[in-house]
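User: Hi! I'd like to learn how to read a few features of a protein model, one at a time. Could you walk me through them?

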Amino acid sequence: LAAAAEVSFTVTNSEIAATDVVLVNHGSAGTAGAYLVQANTIAAGSFAITVANLSAGSLGEAIVLNFVAFKGSSS
């Protein structure tokens, strides 16, 4: 991942609803503090995770991401 670049990918999970709140973090492996991760594009059955490289250099590490989904509702 080039310096200051970001990449997104889709996570498919049949338990996810469009009203859920998904939190994700950089769990382990790789350079601590070099990545910014966030969940976005939450829909029924899937969500996306975006990983951004905050460092000044390229990174090619296989990082471990942890996520949790909280059941939500709309009012």
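This is a predicted model: local features need pLDDT of at least 70, side-chain atom pairs count only at pLDDT 80 or more; totals for chains, interfaces and linings use all residues.

User: Which aromatic pair does F47 belong to, and how are the rings arranged?

Analyst: The general idea is to look at the ring centres first and then at the angle between the planes; planes over 60 degrees apart count as edge-to-face. Here the count comes to 1 aromatic pair. In that pair, the ring centres of F47 and F67 are 5.1 Å apart and the planes meet at 65°, so the arrangement is edge-to-face.

User: Which parts of the chain does this pair tie together?

Analyst: F47 sits in strand β4 (residues 46-53) and F67 in strand β5, so the pair links parts that are 20 residues apart in sequence. F67 is partly exposed, because its relative accessibility is 39%, whereas F47 is buried at 1%.

User: Now the sheet. How do I read the order of its strands?

Analyst: Strands of a sheet pair through backbone hydrogen bonds, either parallel or antiparallel. In this case, an open sheet of 3 strands runs in the order β1-β4-β3, with antiparallel pairing. The edge strands are β1 (6-12) and β3 (35-43), each pairing on one side only. From one strand to the next, the twist averages 20°.

User: How many bridges join β3 to β4, and which residue stands opposite A43?

Analyst: There are 7 bridges between the antiparallel strands β3 and β4. Opposite A43 you will find S46 of β4.

User: And I49: where is it, and is it buried or exposed?

Analyst: I49 is placed in strand β4. Its relative accessibility is 3%, so I49 counts as buried.

User: Last one: which residues make the nonpolar surface patch?

Analyst: For a patch, look for neighbouring nonpolar side chains whose relative accessible area is over 30%. Here V21, L23, V68 and F70 form one of about 340 Å². The elements giving two or more residues to this patch are β2 (21-28) and β5 (64-70). V68, for example, lies in strand β5 and is partly exposed, with a relative accessible area of 37%.

Notes:
Residues are numbered from 1 along each chain as its sequence is written. Side-chain values use heavy atoms; hydrogens and water are left out. Patches are made of residues with over 30% relative accessible area and no salt bridge: like charges are joined within 9 Å, nonpolar side chains (Val, Leu, Ile, Met, Phe, Trp, Tyr) within 5 Å. Accessible areas come from the Shrake-Rupley method with a 1.4 Å probe; for residues, only the protein chains shown count as cover. A salt bridge is a side-chain nitrogen of Lys or Arg within 4 Å of a carboxyl oxygen of Asp or Glu. Helices (H or I, at least four residues) and strands (E, at least two) are DSSP runs, numbered from the N terminus. Buried means under 20% relative accessible area, exposed over 50%, partly exposed in between (1.4 Å probe, protein chains only). Rings of Phe, Tyr and Trp (its six-membered ring) pair if their centres lie within 6.5 Å; planes under 30 degrees apart count as stacked, over 60 as edge-to-face and the rest as tilted. Two strands pair if DSSP finds at least two bridges between them. Axes are lines fitted to C-alpha atoms, for helices over the stretch in contact, and angles run from 0 to 180 degrees between N-to-C directions.
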